Every structure is written in structure tokens, then in C-alpha cells.
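This report describes a few local features of one structure for a reader who has not seen it before. Please look at the sequence and the structure first.

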Amino acid sequence: MLNTGKRLICSIHDVGPMFAGQTERLRELLYDCTGTMRMALLVVPDHWHRAPLSRDSAFASKLRAWSDEGCEIILHGWCHKDESRHTGRWAGFKARHFTAGEGEFLGLSREEAVRRLRDGRALLEDITGKRIGGFIAPAWLYGQGARDALREQEFDFAENHMRVWRPRDGREIARGPVISWASRSRVRTLSSLGFAALARRMLRHQRIVRIAAHPGDTTKPELLESIGQTIAAFRPTHRLSGYSDLVEHGA
Ligand SMILES: [Zn+2]
């Protein structure tokens, strides 16, 4: 048993009927790399309004089984798509360039964010039979409305690229960049492979290391290989953990 106090959190983004096959592939990869089901699954209740989890009982049963086997189920938006009209040049720029239109919670009003948080959480709690303690916004982007909504919705944690925090009072739970990969273009793929290789060396002393896999990663063998290498690099020094461990024991 590792006693260094360092932790490794592995997660799969965009879990849901839309990416059922890719979820399965990544779940197997993480299982092969870690030997456990200790991983976070970030679930989208109705991806792009085209894949309602509430109407896919086969996928819902799988989700429940994974939860029972030890996966941590986290709410990851509602539809994942940014449908808001952004006011202000910076918000519009962020929405277009950083997220390819996937920052659902960037432009929501507080009321709308509350509604989606409540509905999403209720659905996942219904499916898993367990309390859902975490919310992670699509593309890791939170607008003011989302932040206000989260503060009053009793989630234990939220995260962005750089940190994990407790929404109720903003207390920081962990800090440090999340390692993720990009499949959208050759250039982005190459730079994400470079970043992962660098992170494997530079983040060795980081207390909390977060790794995030996405459905698109399954389209390129070199990305899957890099994910495996990255997990393997931290396994000797970092204890495999869930977000709930950070909340319970502090970072
Ligand atoms: Zn996502």
C-alpha cells in the first residue's frame, strides 16, 4: 500500500448512450492499466439532445453495474452543447475557440443551470441508487450563472483544468493541470502527446494527478498508448483514488 499521500485520479468524459462503445473501450483500458474499477465516469444525461439516458435502459443498467463495481459517477452537464448567445467579446471568443461549442455551462443563467443540475443529478441518483456528489462542467467551463447555481446545490466538488474546489465556499481541494488528450486534428493530437510526455516527468512530485480520457481518444492508437503510459508512470508513486477521497481526506 502506497503511503506517500500522493493520489492519481483517472476519469472518462462524455459517458452516455451517445458514446457507449467508446466508453466501454476506455473503461477496459483503464481497468487493464490499473487492475481496478476505481475510475470516475462523467455522465452526460442527453448528449446533444440526441441520446437520452432516461430512454436507454440497457445503458442505464450498465451504468448502475459500473457504479456498484466501484466507479464514481459524476454529472457532466446535461446536453454538453453550448446553446447560449454570448454577450461580450471575451465570452464569445472563449465559447468558439476553446471548446468547439461544447461549453454548455458557460452562458447559462443561474435558473437554467439550477434546473439542469437538479434534473441531471436526480436522473443519475435514480439510476445508481447512490448520492451524486460531483459536477464537472463540459469543456471544464463555468459561467457566472453556473457558479452561482453550484454554490447552492450541495455538490461536494467541481473541477476545471487547473483545480478541484468545493462549490459551497470555493475552498480549494486540489491544484495542478489535468492531463488530457486531443483527437480533433493532427496538430492538437501531437501537442497533447507532447504535453502528456512532459507531464509524466514534470508532475512526478504533484500531490494530486488527474488524467482525463475522452471518446475521441479511441480513434487514434497513439493516444490510447499515451494514456496507458501516463497511468503506468504515476502508478508506482500515486495511489489510485476517486474525487470523493479528496473530499473526505482533503488534499
Ligand atoms: Zn465532456
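Along the sequence, the donor residues of the zinc ion follow the spacing D-x61-H-x3-H. In this predicted model, the zinc ion is coordinated by Asp-14 through OD, and by His-76 and His-80 through NE2, at 2.0 to 2.1 Å. Asp-14 belongs to strand 1 (residues 7–15), while His-76 sits in the loop between strand 5 (72–75) and helix 3 (89–97), so this pair ties together parts that are 62 residues apart in sequence. Asp-14 and His-76 are both buried.

The next topic is the packing of two helices. Two packed helices are described by the angle between their axes and the distance between the axes. For helix 4 (residues 110–128) and helix 5 (residues 144–152), the angle is about 50° and the axes are 8 Å apart. The two helices, helix 4 and helix 5, are therefore oblique to each other. The crossing in which helix 4 passes helix 5 is right-handed. On the side of helix 4, the contact is made by Arg-110, Ala-113, Val-114 and Leu-117. Helix 5 contributes Gly-145, Ala-146, Asp-148, Ala-149, Leu-150 and Glu-152.

Ala-139 is in the loop between helix 4 and helix 5. Its phi is positive, about 60°, although Ala-139 is not a glycine. His-49, in the loop between strand 3 (46–47) and strand 4 (51–52), is likewise a residue other than glycine with a positive phi, near 60°. Gly-216 is found in the loop between strand 10 (208–213) and helix 7 (221–234). In sequence, Gly-216 and Arg-184 are 32 residues apart, and in space their C-alpha atoms are 7.6 Å apart.

| Residue | Relative accessibility | Class |
|---|---|---|
| His-49 | 43% | partly exposed |
| Gly-216 | 25% | partly exposed |
| Ala-139 | 22% | partly exposed |

Why does Ala-139 count as partly exposed? Buried means under 20% relative accessible area and exposed means over 50%, with partly exposed in between. Ala-139 has 22% relative accessibility and therefore counts as partly exposed.

Note on methods
Residues numbered from 1 in each chain as written. Predicted model: local features only at pLDDT ≥ 70, side-chain atom pairs only at ≥ 80, totals over all residues. Heavy atoms only, no water. Axes fitted to C-alpha atoms, helices over the stretch in contact; angles between N-to-C directions. Helix = DSSP H or I, 4+ residues; strand = E, 2+ residues; numbered from the N terminus. Parallel < 35°, antiparallel > 145°, perpendicular 65-115°, else oblique. Left-handed = near helix turned anticlockwise from the far one by under 90°. Contact = heavy atoms within 4.5 Å. Donors = N, O, S within 2.8 Å, 3.2 Å for Na, K, Ca; no water. Buried < 20%, exposed > 50% of the residue type's maximum accessible area, 1.4 Å probe, protein only.
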